[in-house]
Amino acid sequence: FSIMCLVAKDKRLEEVQQKAVEKVAHYAEQNMIYTRVQEDGNMKYEKADNIACAYFTHMTSRPAKREDSSVEKVPDPGLHTHLVFANATKRQDGKFRSVVFDKYYDHQLLMGEIYRMELERGAREAGYQTNLFRDKKSGRWAFEIDGGSTYTNLDKDIKEFSTRRSDIEEMAVKEGKFDSKSMAFFAKITRDEKIEFSKEALEEN
């Protein structure tokens with residue numbers, strides 16, 4: 001998806017990605033936000049349906065670590081958006097209270113799956129052929145865009161622009177651990193520091 005959007009420069013996919021982010025944020029707001037209320041001396045959870053959220057969209061992943069420091073560490077294309085939720089929601093009585101994010105944390109894999117399926121639907125509606133598959137480890141749905149006869153090098157480019165994922169998977173195989181916590185840890189220790197590049201420099205690379 002990121003290759004077609006950022007390398008092939010299909011600007012329609014930027015809108016697809018933005019709508020997918022909005023869909024996830026709305027789903028979280030309507031289904032995952034709770035606050036605590038005290039009633040007759042007892043603490044209980046009350047479902048809320050509102051929260052403020054800020055969006056920060058990035059075009060690259062973190063650069064992969066390289067032993068050769070002389071090699072320029074250019075990050076892979078990786079269109080993604082960070083959502084920052086305010087820790088406040090308006091209760092039914094009109095008062096603002098802090099948010100209990102337990103439901104959100106418990107359903108992170110579901111949120112990721114909703115996001116990917118919205119991307120897939122948008123790409124398909126834009127005219128792309130897509131290949132759906134279940135992730136072997138999480139069991140969740142994912143997809144890849146099929147380049148078909150017009151983009152025969154897509155599989156090669158996906159591999160070339162997936163250095164971060166390759167590093168994480170190599171570490172997982174080496175350690176023999178594939179659970180979500182271990183994969184998150186491997187992602188953290190294999191990423192390099194953030195480096196600023198101009199949009200023009202990234203496109204040229």
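Helices (H or I, at least four residues) and strands (E, at least two) are DSSP runs, numbered from the N terminus.

Contact means heavy atoms within 4.5 Å. With residues up to four places away in sequence not counted, Ile145 touches Phe1, Met4, Ala123, Tyr128, Gln129, Thr130 and Leu154. Gln17, in helix H2, is buried at a relative accessible area of 2% (buried, under 20%; exposed, over 50%; partly exposed in between; 1.4 Å probe, protein chains only). Beyond its neighbours within four places in sequence, Gln17 contacts Phe1, Thr57, Leu79, His80, Thr81, Tyr115 and Leu119.

Rings of Phe, Tyr and Trp (its six-membered ring) were paired if their centres lie within 6.5 Å, with planes under 30 degrees apart counted as stacked, over 60 as edge-to-face and the rest as tilted. The count is 2 aromatic pairs. Tyr104 and Tyr105 form an edge-to-face pair, 6.4 Å centre to centre with 80 degrees between the planes. Ring pairs link Phe85, Tyr104 and Tyr105 into a cluster. Tyr105 counts as exposed because its relative accessibility is 53%.

Residues are numbered from 1 along each chain as its sequence is written, and side-chain values use heavy atoms, with hydrogens and water left out. For this predicted model, local features need pLDDT of at least 70 and side-chain atom pairs count only at pLDDT 80 or more, whereas totals for chains, interfaces and linings use all residues.
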